[in-house]
Amino acid sequence: MTEFPINIAKYINSIKESDIVACLHIDEYDTLVSWEGNLVYLGISDLTINQSITSQLGFLEGMLPAIDTIVLRFVSFAEGYYTHVHIVSCDNNTYVLLFDATFEYKQQQKMQQQINDLKLLTLYKDQLLRALEEKNINIKQVHKFKNQFIIKKLQSLATACKKKFY
Amino acid sequence: MAILQKKICMIGDFSVGKTSLVAKFVRQTFSDKYLTTVGVKIDTKLLKLPDGNQVKFILWDIAGSDSLTTTTASYLRGAAGFLLVVDGTRLPTWNSALNLRLAVEKQIGSKPFIILLNKADLQEQWEMNEQAIEEKTKQGWKLLTTSAKNGMNVEQAFLELALLMT
Ligand SMILES: Nc1nc2c(ncn2[C@@H]2O[C@H](COP(=O)(O)OP(=O)(O)OP(=O)(O)O)[C@@H](O)[C@H]2O)c(=O)[nH]1
Ligand SMILES: [Mg+2]
C-alpha cells in the first residue's frame, strides 16, 4: 500500500486510538488488494494479495462489505495479542485498520476481573446465607416436633398414672 | 471447493463457561482458573458433519454480560448462529440468557441458537427450574446440558448448531 486515501487518513487522525499497526485494503469483491504493517505483532500470519480476505482472515466473515464504519474493541486473534479493529468503507472499497490494544487490555482485564470476582463472592455469600436460613428453619421445625412429642408423651403418661392411682 | 465458513457467537452472562466450552471444543483443555474475557476472542475449528461435508466455525467468544452493550452488539454482525450459555448453578444467568436472546434477535434477526445449561458436573449446586426448561422445550427451543469440565455434550452442542444452520 503506497498511501491511504485522503478520507482514510482523515479518519485515522480523527479517532483517539494508539498507534496503527496494520491496514488492509479490500475491494468490493472481498479480495485483498494490498496490506501494510506488522501483522505478526497481532498474531496474524502472512496474507496473500489478490485472494479472498475472508478465507484468510475468518473474523471478517459476515462483516463485508462494510456499509457503515464498524468498530470492534479488544479483538484477540491469538493468545496475548489484542487489537481494536476499525472497518471503514471508502469508494466501494473497505479498509480494515488494526490498532494495538494490548496495554489498554491489560488494565481493563484487571479491573473487570476484580468486579466479576466480587460479584461471584457476593453471590456465593447469598447462596450460603440462604442455605443456612433453610437449615435454621429445619432445626426449628425439628425442635417443635420434638417438644410436641415430649408433651404428648408426658400427657399420656400422666393419664396412665391417673388411671392407675385413682 | 472452498470450505463453508460460519460465524458463531458465544453469548451469556459472565463466568457461565463460554471460554471454557470453546477451549474444550477447540483444544480439549479445561482450567479451573477464572480469567474473564474482555472484548472478544476469536478461534476457528473445522467440523466434520454426519453427511461427510466439512464446515469451518469462526467462534466469537464474547465477554459475558447480562445485557447487550453497543460494544458487544457490534461483534454480532454476520453471525450465522449462536450458543446461549447459562450457568446451571446460578439461576440469574438463565434470566440473562432470555434477555440476551431477545436483544440479539433485535440486532441480527432470528438466527439458529441452542441454550447450553453448563456446569452439569456440579449437580449438587444445580439451580435450574425444570418447569421453565420444559416450557422452552415445548416452544421448540433446543436446550442441552453441558460440562466444559468433563466434556459432556460439548462436541454435540456445536454439531447440533451446525445441523440447525444447514
Ligand atoms: N465445574 C465446572 N466449572 C466450569 C465449567 N465451565 C466453566 N467453569 C468454570 O467457571 C469459571 C468461568 O469460566 P469461563 O469459561 O471463564 O466463563 P466465561 O463465560 O467465559 O466468563 P466471562 O469471560 O467472564 O464472560 C472458570 O473458573 C471455569 O473453570 C463446567 O462445566 N464445570
Ligand atoms: Mg470468557
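**Figure 1. Helix H1 of chain A and the strands that cover its buried residues.** In this predicted model, the cover over the buried residues of H1(A) includes strands S1 (20-26), S3, S4 (83-90) and S5 (93-100) of chain A. The helix spans residues 6-14, and its buried residues are A:Ile8, A:Tyr11 and A:Ile12. These buried residues line one face of the helix, because they fall within an arc of 95° when seen down the axis of H1(A). On the other side of H1(A), the residues A:Ile6, A:Lys10, A:Asn13 and A:Ser14 are exposed.

**Figure 2. The magnesium ion and the two threonines of chain B that coordinate it.** The magnesium ion (ligand 2) is coordinated through the OG1 atoms of B:Thr19 and B:Thr37, at 2.0 to 2.1 Å. B:Thr19 belongs to helix H1 of chain B, whereas B:Thr37 lies in the loop between H1 and S2 of that chain, so the pair ties together parts that are 18 residues apart in sequence. B:Thr19 has a relative accessible area of 35% and is partly exposed. B:Thr37, by contrast, is buried, with a relative accessible area of 17%.

**Figure 3. The largest pocket and its lining.** This pocket has a volume of about 1,000 Å³. Its lining consists of 45 residues, and those nearest the centre are B:Thr19, B:Ser20, B:Lys33, B:Tyr34 and B:Leu35. The largest share, six residues, comes from H1(B). By class, the lining of the largest pocket comprises 17 nonpolar, 15 polar and 13 charged residues.

**Figure 4. The second largest pocket and its lining.** The volume of the second largest pocket is about 540 Å³. It is lined by 25 residues, of which A:Gln112, B:Ala63, B:Gly64, B:Ser65 and B:Thr69 are the closest to its centre. Chain A contributes S3 and H2, and chain B contributes helix H2 (70-75) and helix H3 (92-108); each of these elements supplies at least two lining residues. H2(A) gives the most to this lining, with five residues. The lining of the second largest pocket divides into seven nonpolar, 13 polar and five charged residues.

Conventions. Residues are numbered from 1 along each chain as its sequence is written. Chains are lettered from A and ligands numbered from 1 in the order in which they are written. This is a predicted model: local features need pLDDT of at least 70, side-chain atom pairs count only at pLDDT 80 or more; totals for chains, interfaces and linings use all residues. Side-chain values use heavy atoms; hydrogens and water are left out. On a 1 Å grid over the protein atoms alone, a cavity is a set of points where a 1.4 Å probe fits but cannot get out, and a pocket is an open set with protein on both sides within 12 Å along at least five of seven lines; lining residues have an atom within 4 Å of a point. Grid points are joined across faces, edges and corners, and a volume is the space filled by probe spheres set on the points. Helices (H or I, at least four residues) and strands (E, at least two) are DSSP runs, numbered from the N terminus. Ala, Val, Leu, Ile, Met, Phe, Trp, Tyr, Cys and Pro count as nonpolar, Asp, Glu, Lys and Arg as charged, and the others, Gly among them, as polar. Buried means under 20% relative accessible area, exposed over 50%, partly exposed in between (1.4 Å probe, protein chains only). The arc is that of the directions from the helix axis to the C-beta atoms. Contact means heavy atoms within 4.5 Å. Donors are N, O and S atoms within 2.8 Å of the metal (3.2 Å for Na, K and Ca); water is not among the atoms, so sites may look incomplete.
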